[in-house]
Amino acid sequence: MRCYANQLPNYLNKGLASFYLVFGEEPFQQGECVLAIRNAAKQQGFDEVIKFALLPGFDWQELSAQYNSMSLFSARTLIEFDFNEQKVPTQGVAVLKSLAEQVNPDVVVIFKGLGAGQDVQRTAWFKALEPKGLFVPCYALTGRHLERWFDDECKRLKLAISPQAKRALLIATEGNLLATHQELEKLSLLFGKQPVDEQQLLVGLLNQSKFDIFDLNTGLLTGNPKQIIKVLNKLASDNVEPASILWTLQNQARTLLGVKTLWQTGTSLPDAFKKHNVWKNQQAITQQALDRLTLEQIKQLLVMMADFDSAYKEARITAPYQALAHIALAFATPITMPLPINQSEHV
C-alpha cells in the first residue's frame, strides 16, 4: 500500500504496519516520516530501537537474526534500516523476501533510501515487502504541493504570514524544506500569532547563514575551491547544522546526476533542466558542472555523502565540517584521499 508523507499521520492513527518503505529524494520529509513512525511505535510498546546501515560487507544474516529473535530489553522492537544508496545484493534480496514471508508481529521495520523510482519499485524485495507494509514516497515538493506543505506548516505553528512574505520566503529557500521549516519556526518564536508581512520577513533574512548555504551552490557548480572553503568557514563559524550543508551537497549531486543521465541518453539539455527543476538563473553554471564532472564522479560524490550521513547519525564522526569540505571540494577537482572522519574539526 502507498501513502504520501502528508497522509502518514492518518495511517499511523489506524495502527502500525509491519514494514515501512520510506523512500525519496527529499531528506526533510523522509526524516519527519521516520520520526513520526518511531514515535507511534514507541507509544505502542516498541521501546527497543536497532539501527542498520547498508555498507560494503554488510552481514545480512544479522538483520535476519535480529528480526526473528526475542528482544532482551523490550517485548517489541523497532528496526531502522538505511540503504545508503547501495544496491541490494542477491543474499540481501533473499533475506528481505524471507522477512515478508514470515512476519514477526513484535517487530516493525523502517526501510529508508533515496530512490523512489520504478527501478526500486520493480525489485523483487520491494514487491515482497510492499503488500505487507506501507510505501511512503518522499518526492521533492514544487508548485502547489510546496505551497500546500508551507500552509500546513504555518497552520501547525499558528503563524499568520502574508501571501507576499510567503512568496519571498519560498523564493529565498528554493525548495529547501529544512531551511524553510527552520525559518518558519524562528518567525513563530519572534511574532507568535501576530501577522508577519514581507518587510518583517526580509529584515529577518538579511544576514541569515542559509544564504551562505545558497552561495555554496555557486562554488560547487562553478568548481571554485576558494569560494567553497570561504563559505564553509562561514557556515562552521556560525555553527550551521551539518545536516543543512549535507542537504545542499546532496541536492546538487542528485540534480547533476539526473540531468546528465537524461542528457547522455538523448534528452535535450533544456528539457533535462525542466525535468529536474533547474532554475533559469542556475542553468549556465549547472552546465559548467555537467561538462566538468563525469557520471562516475557524480555517483562517487553521492557515495561519500551516504558514508558521511551514516557516520554523522551514528556519532562516529568527530570533524563534520572538515569532512563536508572534503566532499564539497570533490565537486571542483577529483579527490582520491579517503573521507576524513576521525580528525580534529577544522575547515
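What follows is a short chat about some helices, rings and loops in this predicted model.

Me: Let's start with H3. Which of its residues are buried?
Reply: In helix H3, residues 60-68, the buried ones are Trp 60, Leu 63, Ser 64 and Tyr 67. Looking down the axis of H3, those buried residues fall within an arc of 95°, so they line one face of the helix.

Me: What caps the N-terminal end of H3?
Reply: Asp 59 does that. One of its side-chain oxygens lies 3.0 Å from the backbone nitrogen of Gln 61.

Me: Switching to aromatics. How many aromatic pairs are there?
Reply: The count comes to 17 aromatic pairs. One of them is Phe 58 with Phe 81, which is edge-to-face, at 5.5 Å centre to centre and 80° between the planes. Phe 58 lies in the loop between S2 and H3 while Phe 81 is in strand S3, so this pair ties together parts that are 23 residues apart in sequence.

Me: Are Phe 58 and Phe 81 buried or exposed?
Reply: Phe 58 has 16% relative accessibility and counts as buried, because buried means under 20%. Phe 81 is buried too, at 0%.

Me: Which residues do ring pairs link into a cluster?
Reply: The cluster's members include Phe 58 and Phe 81, and also Trp 60 and Tyr 67. Trp 60 and Tyr 67 are also among the buried residues of H3.

Me: What sits over the ring of Tyr 11?
Reply: The charged end of Lys 14, 5.3 Å from the ring centre.

Me: OK, now the glutamines. Where does Gln 121 lie, and what does its side chain join up with?
Reply: Gln 121 lies in helix H5, residues 118-121, and is buried with a relative accessible area of 14%. Its side chain makes a polar contact of 3.1 Å with the side chain of Arg 2. Setting aside neighbours within four places in sequence, Gln 121 is in contact with residues including Phe 126, Phe 135 and Tyr 139.

Me: What about Gln 30, buried or exposed?
Reply: Gln 30 is buried, with a relative accessible area of 10%, and its place is in helix H2, residues 27-43. Not counting residues up to four places away in sequence, Gln 30 touches Val 22, Phe 23, Gly 24, Lys 112, Gly 113 and Cys 138.

Me: Which loop is Lys 158 found in, and what's its phi?
Reply: Lys 158 is in the loop between helix H7 (143-157) and helix H8 (163-173). Its phi is near 55°, a positive value in a residue other than glycine. Lys 158 counts as exposed, at 56% relative accessibility. Ala 315 also has a positive phi, about 55°, although it is not a glycine. Ala 315 sits in the loop between helix H16 (295-313) and helix H17 (320-329) and is exposed, at 69%.

Me: Last one: what does the UniProt annotation say about residues 218-313?
Reply: The unreviewed UniProt entry annotates them as "domain: DNA polymerase III subunit delta C-terminal". In the model, that span is 80% helix and 0% strand, and its end C-alpha atoms lie 27 Å apart.

Technical notes. Residues are numbered from 1 along each chain as its sequence is written. This is a predicted model: local features need pLDDT of at least 70, side-chain atom pairs count only at pLDDT 80 or more; totals for chains, interfaces and linings use all residues. Side-chain values use heavy atoms; hydrogens and water are left out. Buried means under 20% relative accessible area, exposed over 50%, partly exposed in between (1.4 Å probe, protein chains only). Helices (H or I, at least four residues) and strands (E, at least two) are DSSP runs, numbered from the N terminus. The arc is that of the directions from the helix axis to the C-beta atoms. A polar contact is a pair of N or O atoms within 3.5 Å; within protein, one must be able to donate a hydrogen and the other to accept it, and residues adjacent in sequence count only if both atoms are side-chain atoms. Rings of Phe, Tyr and Trp (its six-membered ring) pair if their centres lie within 6.5 Å; planes under 30 degrees apart count as stacked, over 60 as edge-to-face and the rest as tilted. A charge sits over a ring if NZ of Lys or CZ of Arg is within 6 Å of the ring centre and within 35 degrees of the ring normal. UniProt positions are given in the numbering used here, feature names are shortened, and annotations may be inferred rather than shown by experiment. Contact means heavy atoms within 4.5 Å.
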